[in-house]
Protein chains: 2
Amino acid sequence: MSEKLEQLKERLGEVADIGRAASVLGWDQQVNMPPGGNEARGQQLATLSKIAQEKFITDEVGRLIDDLKQELNGADPASDEAALVRVAARNYDKARRVPPEFIAEQAIVSSRAFEAWVEARGKSDFSIFRPHLEKVVELVHKYISFFPPADHPYDTLLDDYEPGMKTADVTEIFDGLRPKQVELIKAITSRKQVKDAFLYRKYKQRKLMDFGVDVITKFGYDWSRGRQDKAPHPFETTFSVDDVRITTRYEEDNPIATLFSTMHESGHALYEQGIDPDYERTPLSGGTSLAVHESQSRMWENLVGRSLPFWEHFYPAFKKTFPKHLEGVSVKSFYKAINKVEPSLIRVNADEATYNLHIMLRLELEIAMVEGRIAIKDLPEIWNTKMQDYLGVTPPDDAKGVLQDIHWSGGSIGYFSTYALGNLISAQLWEKIRVDISDLDDQIRKGDFSQLLGWLRKNIHQYGQKYEPQTLVEKVTGSRITYEPYIRYLTKKYGEIYGL
Amino acid sequence: MSEKLEQLKERLGEVADIGRAASVLGWDQQVNMPPGGNEARGQQLATLSKIAQEKFITDEVGRLIDDLKQELNGADPASDEAALVRVAARNYDKARRVPPEFIAEQAIVSSRAFEAWVEARGKSDFSIFRPHLEKVVELVHKYISFFPPADHPYDTLLDDYEPGMKTADVTEIFDGLRPKQVELIKAITSRKQVKDAFLYRKYKQRKLMDFGVDVITKFGYDWSRGRQDKAPHPFETTFSVDDVRITTRYEEDNPIATLFSTMHESGHALYEQGIDPDYERTPLSGGTSLAVHESQSRMWENLVGRSLPFWEHFYPAFKKTFPKHLEGVSVKSFYKAINKVEPSLIRVNADEATYNLHIMLRLELEIAMVEGRIAIKDLPEIWNTKMQDYLGVTPPDDAKGVLQDIHWSGGSIGYFSTYALGNLISAQLWEKIRVDISDLDDQIRKGDFSQLLGWLRKNIHQYGQKYEPQTLVEKVTGSRITYEPYIRYLTKKYGEIYGL
């Protein structure tokens, strides 16, 4: 390895260490911290983030990257060295464009917007949040102005979550997907609804958590390199490839969600535990994009965890754990219940068939906000109209409508579409996996996930951030991100469940 | 506040934030971290410590300190501003003297020495540890060489733990203490031994932990600004004045120790929770020295927690919690049992009467090592001889002798005496407290610790690092650190228990 590469890796290694330290502080904040700790913790995180930025955007790092680009000119672009310099250069260029004062301003605006959002949602009063969201969108425009003009201003935002992805790509995909998905939901809602009352009894938290632990242990989650805790919001966080943690939560009114939340987060964690350890402390560590990350969490939660073969394996044990709750409930009835489709108001509770429509609605609003085509004050009304158009439901108030998500309050505009893209990618990968592992259902039916995990390790996980999301998906499946496999998957699954 | 002071505080605030972040990582390492996380965590901590050092010893910080010294010339030395600049200057001078390469070398040597010590203790074979300890002592000499010559080379080491304290002060105190303490133990061991078999039954962990929580809640430990977890070694750690955490452990063969460990660590935590919040993110935050810190933990553990009034309050509840274990055991018998004096081999298990002798032995060996008067290879023999002289026991092997403590493997030479000094200070403060709160015993007997805590807050806690330990002790008690109150305390207590 060249001396300059060594030097660059040392500098970037320190930056990575600070980032990971901040993740530990963030995890602790959500999992353990006593209420008193909040103010100092915010200060500590601000300091770490400031120092990481300072250490990254030095002229020296810039020179090393430039020299290495020259040095590696003509090298195999798929080599780890070339990839490392490429990703470092991309991140460096972005980081240099955004002035520290802007970051500081954005932190203050977001923090106030977050507080206003909490209050607004509590009172279901959009007018409290409105001036803050206006300020957030103003800063988003300012942020975009730091970058060279793109095909579409929204491209700049999207690129932070999905490197290389264009707004036009996403809208094309969604334009194809939308009518098919609306049609499917219409067909489903015209059929007889499945029964699921038995899912909403009092399932004991401890037993559900233990069951979740058993499930993800079989998935291959490595407990010597991770742990699970409880937190108000489930998440996965990475302190190193050998310390990848997840959290879950328990909701009184939807106890079974604990189980799916654990499976979902374990999908993120399996990804992170499977990345090439040589990428540690470099910009190649971590998953390549939010959408690819979400493809992994959704795959384990939905394509595996809500499948019939999965429950054919686990249901006897589950029924033994909750004999009274599930008395007289067959595995088929249980399977149908956990896959019930019902157009609803809240994104995070949406089923697989309706989920993407929640996302498309948000993406359309975000693009319109960025283009300046709509006034923030009109958001609630537009939201409600679209909900009626796409899902046939109308929010009774803003708390259950435009105010339900945290993302905009934190300035995260450009994020939502990654959830839907993740669904699509998961189905694309799944079709390929079914070709490569022809008896996959039988394996799952036996509780054996080793070949599946091995496939994901080999084809997705190990690469970390080496490839951009579209490149990776194309490399593995032969085509770029597309909606057809997901529609095929939904149609088959719900066709069987609802007898379409 | 002057602009320069503002600037200095900003720089030092960042350094403090990094230090506190490192504490969070250290806490997590001991409380939560899965085994896989170890290597990356070591790297993350090394990076944080390097950056904190870099950010602290800049020329700019040096100039600010020099300018502020001038600016504050003639200001009240007891003002917060003068104290802040004084302590910052002291720390800065020390930090500038030690080259970064030395710190890196020391980290590597300690890490190897620690591994060798673990192995050596496991096999009870000093020869495995010996070459590493030789290297550690070599580095200690090198460290001393960075500083101006002191009255005694050991002064330089001691000053890192007890600012302003001299080796001569400590040896003078210990020379006075040693014969009195040896005499007392001889008198005790000639009397009939107390019964304590009932302490070694199977006390349930959960119940003991809950009881400990009740006790320190009454002490005044603020749970909205802290929490308790389990860890292999009990400790207290501070992330801010509003997030001060403790850990405890449970040992099968000495269950009751859980309770005293909780009280001990809560003493450290009460100190940290009581420091002036204005000192946050400055060098005045945190306790003033290890000895003063230990005076607080020992006070709550021993002077409070092993006193008869304490158990007159808590014993009924404790007996109700463990009715079978304590059947027929009166509060007096219980009190005697938890205060049993028995010369023993292991420092951490030693009672109040013998503990200091373990320390004196170590201090003598450390001073002799620093002076080069003894060869490392002779340590085990000298250790065993001194154990026989002071305590009348001889270790059967090195694991129970010279290899029992972790400190030397980490390069912490100069640390041990702070434990004994803490005992002495606790008794000095206690005599003063008894004068100021004449009905202290009655208050404790009622489970009311509010006046005691209030006194400590007012006279000790709030000051943080504003005063050096000797100055603080003199300010509060009218005399510098001395052994007489401690001997008076032991003589009275054990006189009653053993009928001397």
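I note for myself that the model is a predicted one.

I then looked up which way the side chains of β3(A) point: Asp243(A), Arg245(A) and Thr247(A) face one way, while Val244(A), Ile246(A) and Thr248(A) face the other, and all are buried. I wrote down the cut-off that this rests on, since buried here means under 20% relative accessible area.

Next I turned to the neighbours of β3(A). As a reminder, strands of a sheet pair through backbone hydrogen bonds, either parallel or antiparallel. I found that strand β1 of chain A, residues 228-230, runs parallel to β3(A) and is joined to it by three bridges, and that Asp229(A) has Thr247(A) as its bridge partner in β3(A). Strand β2 of chain A, residues 236-240, pairs with β3(A) in the antiparallel sense over four bridges, with Glu236(A) standing opposite Ile246(A). A hairpin of two residues leads from β2(A) to β3(A).

Putting the strands in order, I read an open sheet of three strands in chain A, β1-β3-β2, with mixed pairing. Because β1 and β2 of chain A stand at the edges and each has a single partner strand, one side of each is left without a neighbour in the sheet. From one strand to the next, the twist averages 25°.

Last, I looked for what lies across these strands, and found helix α1 of chain A, residues 3-31, which lies across β1, β2 and β3 of chain A and runs at about 140° to β2(A).

Conventions
Residues are numbered from 1 along each chain as its sequence is written. Chains are lettered from A and ligands numbered from 1 in the order in which they are written. This is a predicted model: local features need pLDDT of at least 70, side-chain atom pairs count only at pLDDT 80 or more; totals for chains, interfaces and linings use all residues. Side-chain values use heavy atoms; hydrogens and water are left out. Buried means under 20% relative accessible area, exposed over 50%, partly exposed in between (1.4 Å probe, protein chains only). Two strands pair if DSSP finds at least two bridges between them. Axes are lines fitted to C-alpha atoms, for helices over the stretch in contact, and angles run from 0 to 180 degrees between N-to-C directions. Contact means heavy atoms within 4.5 Å.
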